[in-house]
Every structure is written in C-alpha cells, then in structure tokens.
Amino acid sequence: MTRFAVHVACADGQSIDTFELDATSGTLAPGQSLPLGVKVQCLAMHPFSPVLYAALATSPPSVTSLSIDSSSGSLATTHAADLVAGMAYLSVDPAGNHLLGASYTDHLVSVMKLDDDGGVVTDTTASEAPGAHAHAVVVSPDGRFVYATALGDDLIAWWALDSATGALTDHGQIATPAGSGPRHLRFSPSGTTLYALHEMSGEIAVFARDLESGALAEQQRISSISPSLNLVPGRVRNGSGPEPAANAIWCAELQVSPDGRFLYSTERTSSTIAVVAVAPDGTLSLVDTTPTQSQPRGMNIDPTGGFLLACGEASDGITLYAIDPQSGLLHERGSHGCSPGPRWIEFSPLD
C-alpha cells in the first residue's frame, strides 16, 4: 500500500483539508477541504475502520465522526456526540473500543465507548483527573494501560484500562522536573518504552515500561533543542502570570519512526524539527535540526516510514519531507498551502 490520504485539522480555517500522498513517487496533491463551521481542535484515526474523529470547539464541546472514502480520502460526517470538555488530544485504543481525550482547560482525561461501526456511544463518558493541564492521553500497544500528561503539574499518570467497560483504575504517576511541562507521549514499536516530549524544557525523556504493572522508570533525558537556537526555558501558557519570553522554548509534537530508530519533535518558537537517533541500546542523541513551517504544532510520519509531514499553525502551510532511511535526516520534497491554522495531521490508507 503506497497511497494515503493526509487529513489536516485547520483550526482557524474551521475545516479538515485532505491531501493525497503517493509514497512511491514521493508526491503530495491537494484534495477535499471539508468546512465544519467551527474550530477543529484535534483528530484521531480509528485503528482499523475508515473513521476519523474530530474534536470541535462547539458549545458544548463535541466530537464528530467522519467516514473516509477509501478511493479518494474524502470525508463525510456520520455522527456527532457531546464531549465532557474541550479536548486538546484524542486517541483510540488498539482494539477500537474506546475514544479517549485529554482536556487542557478542564484538567481531565475522558473515555467514551465506540460501537461496532466506530460511532461514539452517547452517555458512556468516564473521566479521571491526572493533574493540571492534561495534554495527551495514549493507550499502550497491548491495550492494558492508559498514560496521560499533566503539563501544569509536571507529571505523567497511568491507569489500568478495562477493555470492556472503559473504566480506569489508578496505577500510579511519575514526576518530571519542575517547569518541564510534559506534553506529548509516544511508544516505541515494541511498547516497552514510552517517550515524553516536554513543552517548556524541550527535553525528551525515555521511560522503561513494566508490561505487567504499567509502571514507568526514567532511563534517560536529553534536550531536543540545539544550543544554536539560543532559546530559554518556557512557562505554562494559560493566561496567568507574565507572557513567556520571545525566545522561550515551546515544543509541540513528538513522533517515532515505524522502525523505532528515530524520533522527531517540533519547536514552535524557532519553527524547527529536531531529529533524534535511537541507538541499539535505546539511548537517544540529537543529530539535526531542520527549519520548517512557521510555528509547527502538527507533524506525522506516513505508515511506510518514508515521509514526514509538518504543518505550521502560523504559516497556513504543510511541508513534505523524505526521511533518509540510514541517517533519519529530513529532505524537503515541497510545500502546499492549506486552510488557516493547521495543527494536526492523520493518515488513512487508500485503495
């Protein structure tokens, strides 16, 4: 399979823009732009059904389920449900049974049941409070544990997930350095390692994960910020206290290559992508910093592992990069305009 639809949540454009990636030729072509009439916060793909979920800034907040045409990638709204809070992050468990969300403003994570067609079952929401400014929630590849960041309290929490009911049982938390602001989480392909990108310190932390208890143990912590960028530590951006410095670290997205050999993270103040190598023993090292779209909040790697796409919420554009399979370095293949405020990218396979 070498053709993929690329779905881009454009917050200010109040739309989802779709492109087509040909992973054989390494080309990107524009397609449908679906207007939704309200700010699109984030997206999530169902693990095996052609369904895309979009969290919308309606009142009350809501999630829309969209069916994906397997030949063109075009979207059609099929279902909508209220959310318990506005969400900064959505994800689906590997079994496709539950939709999870993390709310930055309401400091909680939620779990909603999905039906056999991928539709959200109303009145099934359960929620937990990991701490201030929850920013990401992910389920382990084995489907047994849920992990969430609390950016404002500098911690990562985890729960056991009941695959049938969606109930969460508290299993612990781990503190990160004060002021670091853990934001996004990604698993290694094996699921034995969890990586955490910190918004305000720019660090990527490596956590070994106990497969039976879900417990995390920090193994390494490196900076993803090149000294040449001349950035200083950031602070929580919630409207309280002074504004961060003009050169404050403001990291956003974290991705792992499908083979687990490279990590990529975005930094919005400098509008760059960090390339981080994963050694055979699991240790990380920063190898490169690549300029990209202005204020890159969203980024993703296609399922073949050959290409990375990044979008800039302040540049209204998306850039395609080829990934060097040996070094992990990024080579630009071209840019496209999109609707204003792109912030999230998801892929779906095409026939």
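**View 1. Aromatic pairs in the predicted model.** A search of the whole structure finds three aromatic pairs, where rings of Phe, Tyr and Trp (its six-membered ring) pair if their centres lie within 6.5 Å, and planes under 30 degrees apart count as stacked, over 60 as edge-to-face and the rest as tilted. For Y147 and W158 the ring centres are 6.2 Å apart and the planes stand at 35 degrees, so this pair is tilted. Y147 belongs to strand β13 (residues 145-150) and W158 to strand β14 (residues 155-161), so the pair ties together parts that are eleven residues apart in sequence; strands (E, at least two residues) are DSSP runs, numbered from the N terminus. This is a predicted model, in which local features need pLDDT of at least 70 and side-chain atom pairs count only at pLDDT 80 or more, whereas totals for chains, interfaces and linings use all residues. Residues are numbered from 1 along each chain as its sequence is written, and side-chain values use heavy atoms, with hydrogens and water left out.

**View 2. The cluster of Y147, W158 and F187.** These residues, Y147, W158 and F187, form one aromatic cluster. Y147 is buried, with a relative accessible area of 0%, and W158 also counts as buried, at 4% relative accessibility, where buried means under 20% relative accessible area, exposed over 50% and partly exposed in between (1.4 Å probe, protein chains only). The pair of Y147 and F187 is edge-to-face, with 5.8 Å from centre to centre and 75 degrees between the planes. Since Y147 lies in strand β13 and F187 in strand β16 (residues 182-187), this pair ties together parts that are 40 residues apart in sequence. F187 is buried, with a relative accessible area of 14%.

**View 3. A charge over the ring of W250.** R237 lies over the face of W250, at 3.9 Å from the ring centre; a charge sits over a ring if NZ of Lys or CZ of Arg is within 6 Å of the ring centre and within 35 degrees of the ring normal.

**View 4. The open sheet of β4 to β7.** Four strands form an open sheet in the order β4-β5-β6-β7, with antiparallel pairing, and two strands pair if DSSP finds at least two bridges between them. The edge strands, β4 (40-45) and β7 (75-82), each pair on one side only. Seven bridges join strand β6 (residues 62-68) to β7, and these two run antiparallel. T64 stands opposite A80 in β7.
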